[in-house]
Every structure is written in structure tokens, then in C-alpha cells.
Amino acid sequence: MLAQLFYVSKRSPKCSDEDIEKILQISVENNAKKNITGVLLYSKEKFLQCIEGELSHLLALYDKIKLDKRHSEAIMLGLVPVKERNFPSWQMAGKSVDLNKVDFKSQMSAAESEEFENILSGKASSAERVGKIIQLFFR
Ligand SMILES: Cc1cc2nc3c(=O)[nH]c(=O)nc-3n(C[C@H](O)[C@H](O)[C@H](O)COP(=O)(O)O)c2cc1C
């Protein structure tokens, strides 16, 4: 069954931008083998990731990712069956986001920006909304 999984986590202070490059590289390689796609948003303090693919592969990957020392306190925001993928063309696309940057704010309405901040602090939005908000960064 095709599904999507979203989570937020705290980026370790020891996790450098080079570490993130490495994460993205290995993700592209591994995810291709399992037909997993998705995106990874990151700031200095947080990660927000969407992974999509076969349910059993997502659960196995999430179990592995949770143990990764480059972040902590993963909170699953949603795990839902879907008919189609939001990010079919990316094995794993990474994008850095800075809440204080003007160009960041201009990408979304005040309401969307507030919703995004709530999502980053682990507060509930439906999985569908989380997917929609993440998509704003990739249009
Ligand atoms: C925030 C974050 C997101 C990650 N996303 C993925 C991913 O989508 N796919 C993946 O294979 N590894 C991902 N990783 C890396 C895994 O935790 C792990 O280091 C990597 O898959 C290598 O595992 P292996 O040694 O079993 O091959 C992520 C790590 C972090 C910290």
C-alpha cells in the first residue's frame, strides 16, 4: 500500500551542513532501491521530512532514521495511505529554510506561515495539510 509519513525532529548541534549533504546522498541512493521518494526541509534547529512509498518500507526506514544521532526527538506528524505521491520525481530533495528570511515569508501567507511554525513545533495538522505546506517550498 502506497503511504506517506511525515515527522519533525531536532537537528543535533553537531550535525553540520556537510552531514546533511551526506544524508541526502545516501538517501538518494537507498531510497531509489526501495522506490521511496520525498523531501527533507532543514533549518539550524529542525528537520521536517516527508517520505512516501510502500508502507512496510516506510516503517523500516523511519525506525532506522529515528536512531540516527544527527537528530533527536522525532515526532511523527502523520502516516497515511495515499493514491499518489506528492514528490514523485525526488528520491530525496533537500531544502534549507530560515524562518527569519524575508524570501521565506514571501513564499506563504501569514496563515500558512503560522501553520508551518506549529508543524515545526510538533503541533497537529492533518497529514494532508503538512504535505501541502511542504509543497509550498518546492513550487
Ligand atoms: C533527518 C534525517 C533524514 C534521513 N533520511 C533518510 C532517507 O530518506 N533515506 C535513507 O536511506 N536514510 C536517511 N537518513 C540516514 C539514515 O539514518 C542512515 O544513516 C542511512 O540510511 C545509512 O544507513 P545504512 O548504514 O544502514 O546504509 C536520514 C537521516 C537523518 C538524520
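**Salt bridges and a pocket**

Asp63 is partly exposed, with a relative accessible area of 45%. Here buried means under 20% relative accessible area, exposed means over 50%, and partly exposed lies in between, using a 1.4 Å probe and protein chains only. The model you are looking at is predicted, so local features need pLDDT of at least 70 and side-chain atom pairs count only at pLDDT 80 or more, while totals for chains, interfaces and linings use all residues. Residues are numbered from 1 along each chain as its sequence is written, and side-chain values use heavy atoms, with hydrogens and water left out.

Let us stay with Asp63 for a moment. Its side chain meets that of Lys66 in a salt bridge, at 3.6 Å from N to O; the term stands for a side-chain nitrogen of Lys or Arg within 4 Å of a carboxyl oxygen of Asp or Glu. Lys66 and Asp63 are three residues apart in helix H2 (residues 55-66), which means about one helical turn separates them. Helices (H or I, at least four residues) and strands (E, at least two) are DSSP runs, numbered from the N terminus. Lys66 is partly exposed too, at 41%.

How many salt bridges does the structure hold? There are five. Side chains of opposite charge can pair when their charged atoms come close. Lys10 is partly exposed at 37%, whereas Glu73 is exposed at 54%. Another salt bridge brings together Asp17 and Arg11, at 2.9 Å from N to O. Here Asp17 is partly exposed at 47%, but Arg11 is buried at 12%.

Now for the open space. The second largest pocket has a volume of about 290 Å³. Of its 17 lining residues, Ile23, Ser27, Ile65, Asp68 and Arg70 are the closest to its centre. On a 1 Å grid over the protein atoms alone, a pocket is an open set of points where a 1.4 Å probe fits, with protein on both sides within 12 Å along at least five of seven lines, and lining residues have an atom within 4 Å of a point. Helix H1 (17-34) gives the largest share of this lining, five residues. By class, the lining has nine nonpolar, five polar and three charged residues.

Note on methods. Grid points are joined across faces, edges and corners, and a volume is the space filled by probe spheres set on the points. Ala, Val, Leu, Ile, Met, Phe, Trp, Tyr, Cys and Pro count as nonpolar, Asp, Glu, Lys and Arg as charged, and the others, Gly among them, as polar.
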